[in-house]
Amino acid sequence: MIPILYAANETVFTHNGIGLLADCIACEVTEERNGIYEAVIRYPITGLHYASILEDCIVKLKPNELSDNQLFRIYKTSKPIDGIVTINLEHISYTLNGNPVAAYSVSNVTATAAIASALSNATFTHGFSAYSDIVSAHSASFGAPLSVRAILGGTKGSILDTWGGEYEFDNFVVKLHAARGTATDVVIEYGKNLT
């Protein structure tokens, strides 16, 4: 898929936005389990939409062959080196880093309800929703203000610490799976099926 560039304030992503970044030289997405979810694009300064590539613009791209197209926000653009700029992007879910929750407390709820509570108590309006296949009930509480993303994971006593699992950020849906992927009973062995 060719990455599509959108304005920073775009809310509908069913059209071609500012335009297709067809002159893109390289696009690499890095997603770590319960960790970073970022992309790096290399783009020539002679490219058609180079002048429109600004910080905070949104880019829709396909991160891998199994996932749906995902939205990423530009957070840094390098100076041109040999006529090529490097564009750093973070997944749209990172906007939850800047959305604080004054106080957070849930008691004896499922992971879906815990995530939904964090999202509904956020200070700023957003379009995120929650999903989880983890049905065990637990409790969590934070007295000090934290960002929604810190409540989701990365903080002692967070939803991830309490319920466990693996996050999948699917555009505006925060999914907490008991385990991502599927077991295929395939074993990779050196010398047999590994070259």
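Mentor: The lining of the second largest cavity comprises two nonpolar, two polar and three charged residues (Ala, Val, Leu, Ile, Met, Phe, Trp, Tyr, Cys and Pro count as nonpolar, Asp, Glu, Lys and Arg as charged, and the others, Gly among them, as polar). The model is a predicted one: local features require pLDDT of at least 70 and side-chain atom pairs pLDDT 80 or more, while totals for chains, interfaces and linings use all residues. Residues are numbered from 1 along each chain as its sequence is written, and side-chain values use heavy atoms, with hydrogens and water left out.

The residues concerned are E31, Y37, S67, Q70, E168, F169 and R180, and they surround a volume of about 30 Å³. A cavity here is a set of points on a 1 Å grid over the protein atoms alone where a 1.4 Å probe fits but cannot get out, and a lining residue has an atom within 4 Å of a point. The volume is the space filled by probe spheres set on points joined across faces, edges and corners. Two cavities of 30 Å³ or more are present in the structure.

Strand β13 (residues 166–170) pairs with β14 in the antiparallel sense over five bridges; strands are DSSP runs of E of at least two residues, numbered from the N terminus, and pairing requires at least two bridges found by DSSP. The two strands form a hairpin with two residues between them, and N171 in the turn has a positive phi of about 55°. On V174, A130 also stands opposite, in keeping with the parallel pairing of strand β10 (residues 129–132) and β14 over four bridges. Strand β14 (residues 173–177) is largely enclosed by the rest of the structure, because four of its five residues are buried (under 20% relative accessible area with a 1.4 Å probe, protein chains only).

E31 and Y37 lead in another direction. E31 falls within β3 (26–31), an edge strand, and Y37 falls within strand β4 (residues 37–44), which pairs with β3 in the antiparallel sense over six bridges. In that pairing V29 stands opposite A39. The two strands belong to an open, antiparallel sheet of seven strands in the order β2-β1-β5-β6-β7-β4-β3. The other edge strand is β2 (19–20), and each edge strand pairs on one side only. Further along the sheet, V85 has its place in strand β7 (residues 84–91) and counts as buried at 1% relative accessibility. V85 lies 5.4 Å from Y43, C-alpha to C-alpha, although they are 42 residues apart in sequence.

Note on methods: 1 Å grid on protein atoms, 1.4 Å probe; cavity = no way out; pocket = protein on both sides within 12 Å on 5 of 7 lines; lining within 4 Å. Buried < 20%, exposed > 50% of the residue type's maximum accessible area, 1.4 Å probe, protein only.
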